[in-house]
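Okay, thanks for having me. Let me put the thing up on the screen, and then we'll walk through a few pieces of it.

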Amino acid sequence: MKPSITLNLDRVPASPSIKKQMLEEFDNIYNMLNFKELGHDLFRRWYVDGRLYHHLVVDESNLSAGIQEIRYIDAAKIRKVKQIQKKKDPKTGAPLVEKVDEFYVYQEKPGNQQSAIKLTEDSVSYCTSGLLDEHRKKVVSFLHKALKPITQLRMMEDSLVIYRLARAPERRMFYIDVGNLPRGKAEQYMKDIMAKYRNKLVYDAKTGEIRDDRKHMSMLEDFWLPRREGGRGTEISTLPGGENLGQIEDIIYFQKRLYRSLNVPLNRLEQEQQFSLGRATEISRDELKFQKFIDRLRNRFSTFFYDVLKKQLLLKNIITEEDWMKWKNEVNLDFTRDNHFSELKEAELLREKIQTLDQIQNYVGEYFSKQWVQKNILLFDDDEIERMDNEIAASQQQEPEDDQGAI
């Protein structure tokens, strides 16, 4: 099975032996994290918490052996501390930063100041979501903006259930003729009639008995109303239930708000809609936008692997700090792609470029130059043009050698 993340060193200007060692160390890190089985849980923790901490365990007596173990640390039990030592400028009196000491503090019970473990900055790998709250002092997760919509959705769903339970059944209205009785006697007469005709039997599923449960109030009680002399006498009528119990437009509205806050395409809200792979013109804009959001998440999550890989390569003296600073922008991580919409878009664009190239081929050399076609039709940059020319020259040089070998 292909790994979900692979290291891409095609653009790194290093020797093949160094590239091989870098690939081997990346595989070791991948295996130490057990990313094949725990990769989903690791990414989920980072996505939900907004922070991801790992303790990099090394052998202090043999640092060249590299990282021996990578241990996950609960984000709620560790925090980063920055101690700044300042001094005043003797001339201006302005505070000057003299020294900055950064380290991590781990506490099994957060808030307990008596017991804590101090960890150096190099021994901890730290990856954040890159998002801050409105005060720009606290790191928040990607789910932070969905807290309000999900709370509103839950409140609407609960209120809908309560309304349906209260308004769904029909209730009886008893109009009791009390004649000219005084108020006190009229109320007592009403209670006697209620106790005489009301029958509330409850079935006990545990014992199988049927008992009278008249003591307890219910939200489905009937209405008993007195009626004075001169009215229509005793009457029993029905109060109809709610008529708009099947309307859930407000629930769907808050569901859409929740989906928008999560950057999920709204068409996925419809469960009956089937998944189909069509042409690029049939792909919705929301799906492409969602794929770009996934790519941003992957690029941000890649900083965790870059940090661990850098420390591993420096510990084993495979590269130097200067080498990493030169190559860090050329080192890439390739994730397994399961969203085919972006692939369809790229294939459709390539097909259109090839068709345009076929139509303009007869005019190359007369009205258009080869370099113009590469830049304006194929949209190559200067580096891609140079690399493509070198590959074509190398393949043309190899063909005569193959023909001579066959002879």
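Predicted model: local features only at pLDDT ≥ 70, side-chain atom pairs only at ≥ 80, totals over all residues.

So, which residue in β6 does Y106 stand opposite? Y106 faces I117 there. Residues are numbered from 1 along each chain as its sequence is written, and side-chain values use heavy atoms, with hydrogens and water left out. When I say helix (H or I, at least four residues) or strand (E, at least two), I mean DSSP runs numbered from the N terminus.

Back to that pair. Strand β5 (residues 95-106) joins β6 in the antiparallel sense over four bridges; two strands pair if DSSP finds at least two bridges between them. Zooming out, we have an open sheet of three strands, in the order β4-β5-β6, with antiparallel pairing. On average, neighbouring strands here are turned by 40° against each other, direction ignored.

Now the helices. The axes of α2 (residues 35-49) and α6 (residues 285-315) come within 12 Å and cross at roughly 105°. Axes are lines fitted to C-alpha atoms, for helices over the stretch in contact, and angles run from 0 to 180 degrees between N-to-C directions. That makes α2 and α6 roughly perpendicular, the word for 65 to 115 degrees. On the α2 side, the contact (heavy atoms within 4.5 Å) uses F35, L42, F43, W46 and Y47. From α6 come F293, L297, R300, F301, F304 and F305.

How long should α6 be? Its 31 residues, at 1.5 Å a residue, should span 45 Å, and the end C-alpha atoms are 46 Å apart, which agrees. The expected span is 1.5 Å times one less than the number of residues. Just after α6, N317 takes a positive phi of about 55°.

Over to the other strands. β1 (residues 5-8) and β15 (residues 332-335) run antiparallel, joined by four bridges, and I5 has F335 as its bridge partner. β15 has a covered face, L333 and F335, and an uncovered one, N332 and D334.

Last stop: W224, in strand β13 (residues 223-228). W224 counts as buried because its relative accessibility is 14%, and buried means under 20% relative accessible area (1.4 Å probe, protein chains only). W224 and K191 are 33 residues apart in sequence, with their C-alpha atoms 9.2 Å apart in space.

Technical notes: Parallel < 35°, antiparallel > 145°, perpendicular 65-115°, else oblique. Buried < 20%, exposed > 50% of the residue type's maximum accessible area, 1.4 Å probe, protein only.
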